[in-house]
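I opened a new notebook page for this one.

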Amino acid sequence: MELEGKRIAVLAEDDYQELELWYPVLRMREAGAQVSIVGPKAGTYKSKMGYPVTADTGIDQVSAGDFDAVIIPGGYAPDRMRRHPKMVDFVREMHRQGKVVAAICHAGWVPASAGILRGKTATSFFSIKDDMVNAGANWVDREVVVDGNLITSRKPDDLPAFCREIINALAGVRAGA
């Protein structure tokens, strides 16, 4: 239970990618973390294929001080998430506090909107490479990239490496170990 006592927020919105939300939720719980699903409001959100997830709480009821990490799944949900200023502010504040900010696939849109990619090495799904670069990231094509407290991956196939590095960061293990 390497993450016993750690609190993780997983952001949710409609059109999330199923594996990119559920795999980290279940893996972090398996490692002993307390995982909260956070949406714009408490309630149910549907994946790209209609699979539901229930947000335990709304973004108005949480603060960065409540969590050790935030995980942002991909799909088209990140485009919806960044339309909520409080979700963007939450990610920005998590980063400012030096907490883990993890984004996979299209989730790079949220850190881009939060203005936290400048000078960072990061990856994403290839179709948003230009967005990442224009937000100031040094974009690379790797399954997982750890740059300080920012952890990024490209696609569902990268989930094992993505989750491994989130766990390593929260457990205080050196990146890539």
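Phe125 came up first. I looked up its accessibility and found a relative accessible area of 25%, so Phe125 is partly exposed. I note that this is a predicted model.

**Aromatic pairs**

I looked at Phe67 and Phe90 in detail. Their ring centres are 6.0 Å apart and their planes stand at 85°, so I logged the pair as edge-to-face. The cut-off for that label is over 60 degrees.

Where do Phe67 and Phe90 sit in the chain? I placed Phe67 in the loop between strand S5 (57-58) and strand S6 (69-72). Phe90 belongs to helix H3 (residues 85-96). The pair therefore ties together parts that are 23 residues apart in sequence. Buried or exposed, I asked of Phe67 and Phe90? Both are buried.

I then went back to Phe125, which forms an aromatic pair with Phe126. I read 4.7 Å centre to centre and 45° between the planes, and wrote this pair down as tilted. Phe126 has a relative accessible area of 60%, so I marked Phe126 as exposed. Phe125, at 25%, is partly exposed.

**A charge over a ring**

I checked the face of Phe67 for a charge. Arg7 lies over that face, 4.9 Å from the ring centre.

**Helix H1 against helix H6**

Next I took helix H1 (residues 18-30) and helix H6 (residues 159-171). Their axes are 10 Å apart, and the packing angle is about 40°. That angle makes H1 oblique to H6. I recorded the crossing of H1 past H6 as right-handed.

Which residues meet there? From H1 I listed Leu19, Glu20, Tyr23, Pro24, Arg27 and Met28. From H6 I listed Leu159, Pro160, Phe162, Cys163, Ile166 and Ile167.

**Met1**

Last, I looked at the start. Met1 lies in the segment before strand S1 (7-11). Its relative accessible area is 64%, so Met1 is exposed. What does Met1 contact, leaving aside its neighbours within four places in sequence? I found Glu30, Ala31 and Gly32. I also took a distance from Met1 to Thr123. The two are 122 residues apart in sequence and 29 Å apart in space, C-alpha to C-alpha.

Technical notes
Residues are numbered from 1 along each chain as its sequence is written. This is a predicted model: local features need pLDDT of at least 70, side-chain atom pairs count only at pLDDT 80 or more; totals for chains, interfaces and linings use all residues. Side-chain values use heavy atoms; hydrogens and water are left out. Rings of Phe, Tyr and Trp (its six-membered ring) pair if their centres lie within 6.5 Å; planes under 30 degrees apart count as stacked, over 60 as edge-to-face and the rest as tilted. Helices (H or I, at least four residues) and strands (E, at least two) are DSSP runs, numbered from the N terminus. Buried means under 20% relative accessible area, exposed over 50%, partly exposed in between (1.4 Å probe, protein chains only). A charge sits over a ring if NZ of Lys or CZ of Arg is within 6 Å of the ring centre and within 35 degrees of the ring normal. Axes are lines fitted to C-alpha atoms, for helices over the stretch in contact, and angles run from 0 to 180 degrees between N-to-C directions. Angles under 35 degrees count as roughly parallel, over 145 as roughly antiparallel, 65 to 115 as roughly perpendicular and the rest as oblique. A crossing is left-handed if the near helix is turned anticlockwise from the far one by less than a right angle, and right-handed if clockwise. Contact means heavy atoms within 4.5 Å.
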